[in-house]
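Subject: The structure we talked about

Hi,

Here is the structure I promised you. Have a look around it first, then read on for what I found.

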Amino acid sequence: MIQEAENNRFPIFIYYQDYNPNYEPAVRISNPAHPFRKEQLPKEIQDKITSLPVKFKDREKIQLAEFLPVDIQCTMEYVYDGQIWSELATSDDSLMYYNEKTRAIINKESMDKLIAEGKAEEYEWDKHRDLRK
């Protein structure tokens with residue numbers, strides 16, 4: 001991995017996410033003194049850039065699934081409402097449950113309640129494999 005001092009040469013915030021575990025949020029590894037702003041680009045290019053509703057200088061960690069569609073692998077999974085929900089760490093070190101098909105999120109407290117009520121359960125291959133289709 002590139003060292004933080006070297007990263008700071010670039011005018012953008014750089015985040016690093018370990019390949020494994022990929023369910024953890026990405027961690028900021030650069031903090032540029034003069035960050036590049038989208039507004040510095042021509043308008044036609046600005047319109048093609050997806051903006052996130054965050055200030056990167058204020059975010060040490062970021063869980064992209066909170067803002068963008070992502071693919072999930074190798075995480076705890078739960079079944080609720082006939083769909084699979086993947087467990088992810090949030091930007092603020094809590095937990096959330098993310099559905100890849102709908103891109104919906106359930107917070108930890110809500111999923112805990114659904115499990116306690118018997119409406120959600122841990123994913124089991126033999127029992128729930130048809131949900132992967």
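Which residues does Tyr97 touch, not counting residues up to four places away in sequence? Keep in mind while you look that this is a predicted model. Tyr97 touches Tyr78, Trp85, Ser86, Glu87, Ala104, Ile105, Ile106, Asn107, Lys108 and Met111. Some of those names come back in the largest nonpolar core, which has seven residues: Tyr78, Trp85, Tyr97, Ile106, Met111, Leu114 and Ala120. In soluble globular proteins, nonpolar side chains tend to be buried together.

Now for the chain as a whole. You can count four helices and eight strands, and along the sequence they come in the order α-β-β-α-β-β-β-β-β-α-β-α. The radius of gyration is 18 Å, whereas a compact globule of 133 residues would be near 14 Å. The C-alpha atoms fill a box of roughly 50 × 35 × 25 Å along the principal axes. Of the 133 residues, 29% count as buried. The accessible surface comes to about 9300 Å², and 50% of that belongs to carbon and sulfur atoms.

Phe10, Ile12 and Phe36 make a nonpolar surface patch of about 260 Å². Phe36 sits in the loop between strand S2 (26-28) and helix H2 (43-46). Its relative accessible area is 39%, so Phe36 is partly exposed.

Next, the charges: the structure holds 10 salt bridges. One of them joins Arg132 and Glu77, with the closest N and O atoms 2.4 Å apart. This pair links distant parts of the chain, 55 residues apart: Arg132 is in the segment after H4, and Glu77 is in strand S4 (residues 77-80). Arg132 is partly exposed at 43% relative accessible area, while Glu77 is buried at 16%.

Compare that with Lys57 and Asp58, whose side chains meet in a salt bridge at 3.5 Å, N to O. Lys57 counts as exposed because its relative accessibility is 53%, and Asp58 counts as exposed at 52%.

One last stop is helix H4 (residues 125-128), where you will find His128. Is His128 buried or exposed? Its relative accessibility is 6%, so His128 counts as buried. Leaving out residues up to four places away in sequence, His128 touches Val79, Glu121, Glu122 and Tyr123.

Happy exploring!

Terms used:
Residues are numbered from 1 along each chain as its sequence is written. This is a predicted model: local features need pLDDT of at least 70, side-chain atom pairs count only at pLDDT 80 or more; totals for chains, interfaces and linings use all residues. Side-chain values use heavy atoms; hydrogens and water are left out. A nonpolar core is a set of buried Ala, Val, Leu, Ile, Met, Phe, Trp, Tyr and Cys residues joined through side-chain atoms within 4.5 Å. Buried means under 20% relative accessible area, exposed over 50%, partly exposed in between (1.4 Å probe, protein chains only). Contact means heavy atoms within 4.5 Å. Patches are made of residues with over 30% relative accessible area and no salt bridge: like charges are joined within 9 Å, nonpolar side chains (Val, Leu, Ile, Met, Phe, Trp, Tyr) within 5 Å. Accessible areas come from the Shrake-Rupley method with a 1.4 Å probe; for residues, only the protein chains shown count as cover. A salt bridge is a side-chain nitrogen of Lys or Arg within 4 Å of a carboxyl oxygen of Asp or Glu. Helices (H or I, at least four residues) and strands (E, at least two) are DSSP runs, numbered from the N terminus. The radius of gyration is taken over C-alpha atoms; the globule rule is 2.2 Å times the number of residues to the power 0.38.
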